[in-house]
Amino acid sequence: MGIDHPLMELRRVSKSFGRQRVLDEVDLRVERGKNTVIIGRSGTGKSVLLKHIVGLLRPDRGEVWFEGQRIDNLRERAWVPIRQQISFVFQLNALFDSMTVLENVAFPMMENATGRIDRPKIRKLATRCLELVGLAGFDKKRPAELSGGEKKRVAIARAIAMDPAPKVILYDEPTAGLDPQRSDVINKLIREMQREVHVTGIVVTHDMKCTSDVGDRVLMLYGGRFVVDGTPEEVLQAQEPHVRRFVRGIAEPGDVLAFTAE
Ligand SMILES: Nc1ncnc2c1ncn2[C@@H]1O[C@H](COP(=O)(O)OP(=O)(O)OP(=O)(O)O)[C@@H](O)[C@H]1O
Ligand SMILES: [Mg+2]
């Protein structure tokens, strides 16, 4: 198998919930080593799209491919080796409050261990991942004792704590709810993961600073499809009206009418 195929690919993926069509024949080819950023207003299906990549949702129509293998039609058990290569940093972190920070980071490795669990090795790798995100010495704390930015860093440490390291990390709104400086830490961390750990990032966000800082390529989801695809600079300059308004933070005409008409 050559490496000319993209790392990950969506082919004409459609997904509806009842009568609401969220994804409408979406095509996406994710290039190895580059960070792909998906922007779009709230409720456009960004999280839904990410969930198709790890099999948390299945498409109604279309196909999902990873490393030259079709994965959307796999049975649950066949997903295990795929999920060992793709990490997901959830929008709400999904840390376990009853566990320490170190236990949280080690958790997926304990869960995925096949055969004998090598605790010292797992502990060492989890500690190293915490160092990598700048949280050395935080091992014994609990998530409830951390700030929002620290929690996000724990979630990223957990995402990279795999042996071997994951090929892809999906970041769902990595800077949501963080102040500009803490956001900057996360953006730099995402770049560092790309450079140092060689992970390909797929980042979902509505934060334009995050988009420019971490993105090599940016796509905007609107009406179930991508309406722009380019570098961060190109997207900032794009003339397509929905894209222009989104990157400048200007309401869509309908949004304002809805309450000024009252
Ligand atoms: N499991 C589900 N069942 C029914 N509807 C769903 C489900 N998941 C998502 N939706 C709907 O699909 C649409 C897209 O949801 P999604 O979570 O992908 O939005 P988003 O772009 O990630 O928004 P945000 O920026 O607010 O996180 C929403 O209208 C949501 O209500
Ligand atoms: Mg979302």
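**View 1. Helices α3 and α5 cross in a right-handed sense.** A crossing is called right-handed if the near helix is turned clockwise from the far one by less than a right angle, and left-handed if anticlockwise. Helix α3 spans residues 101-112, and its axis comes within 7 Å of that of α5, at a crossing angle of roughly 35°. V101, N104, V105 and P108 of α3 meet V154, A157 and R158 of α5, where contact means heavy atoms within 4.5 Å. Axes are lines fitted to C-alpha atoms, for helices over the stretch in contact, and angles run from 0 to 180 degrees between N-to-C directions. Helices (H or I, at least four residues) and strands (E, at least two) are DSSP runs, numbered from the N terminus.

The model is predicted, so local features need pLDDT of at least 70 and side-chain atom pairs pLDDT 80 or more, while totals for chains, interfaces and linings use all residues. Residues are numbered from 1 along each chain as its sequence is written, chains are lettered from A and ligands numbered from 1 in the order in which they are written, and side-chain values use heavy atoms, without hydrogens and water.

**View 2. The largest nonpolar core holds 45 residues.** Such a core is a set of buried Ala, Val, Leu, Ile, Met, Phe, Trp, Tyr and Cys residues joined through side-chain atoms within 4.5 Å. Buried means under 20% relative accessible area, exposed over 50%, and partly exposed in between (1.4 Å probe, protein chains only). I39, V105, I156, Y171 and M193 touch the most other members. Helix α5 (residues 148-160) supplies the largest share of this core, six residues. Leaving aside residues up to four places away in sequence, V105 touches A126, C129, L130, V154, A157, R158 and A161. A second, separate core has 31 residues, among them L28, I82, F88 and L219.

**View 3. Six strands form an open sheet with mixed pairing.** The strand order is β6-β7-β8-β3-β9-β10. β6 (86-89) and β10 stand at the edges with a single partner strand each, so one side of each has no neighbour in the sheet. Neighbouring strands are turned by 15° against each other on average, direction ignored. Two strands pair if DSSP finds at least two bridges between them. Strands of a sheet pair through backbone hydrogen bonds, either parallel or antiparallel. β7 (residues 168-172) and β8 (residues 200-205) run parallel and share five bridges, with L170 opposite I202. Helix α5 packs on the sheet and touches β6 and β7, its direction making about 170° with that of β6.

**View 4. Strand β9 pairs with β3 and with β10.** Strand β3 (residues 36-39) runs parallel to β9 (residues 217-222), and four bridges join them. I39 faces M220 of β9. On β10 (residues 225-230) the pairing with β9 is antiparallel, over five bridges, and V218 is partnered by G230. Two residues lie between the strands of this hairpin, in which G223 takes a positive phi near 60°.

**View 5. Strand β4 pairs with β1 and with β5.** β1 (residues 8-17) and β4 (residues 61-66) are antiparallel, with five bridges, and L10 has V64 as its bridge partner. The β4 and β5 hairpin has two residues between its strands, and E67 in the turn has a positive phi of about 50°.

**View 6. Two cysteines, C129 and C210, are buried.** Relative accessible area is 5% for C129 and 0% for C210. The whole structure contains zero disulfides, a disulfide being a pair of cysteine sulfur atoms within 2.5 Å.
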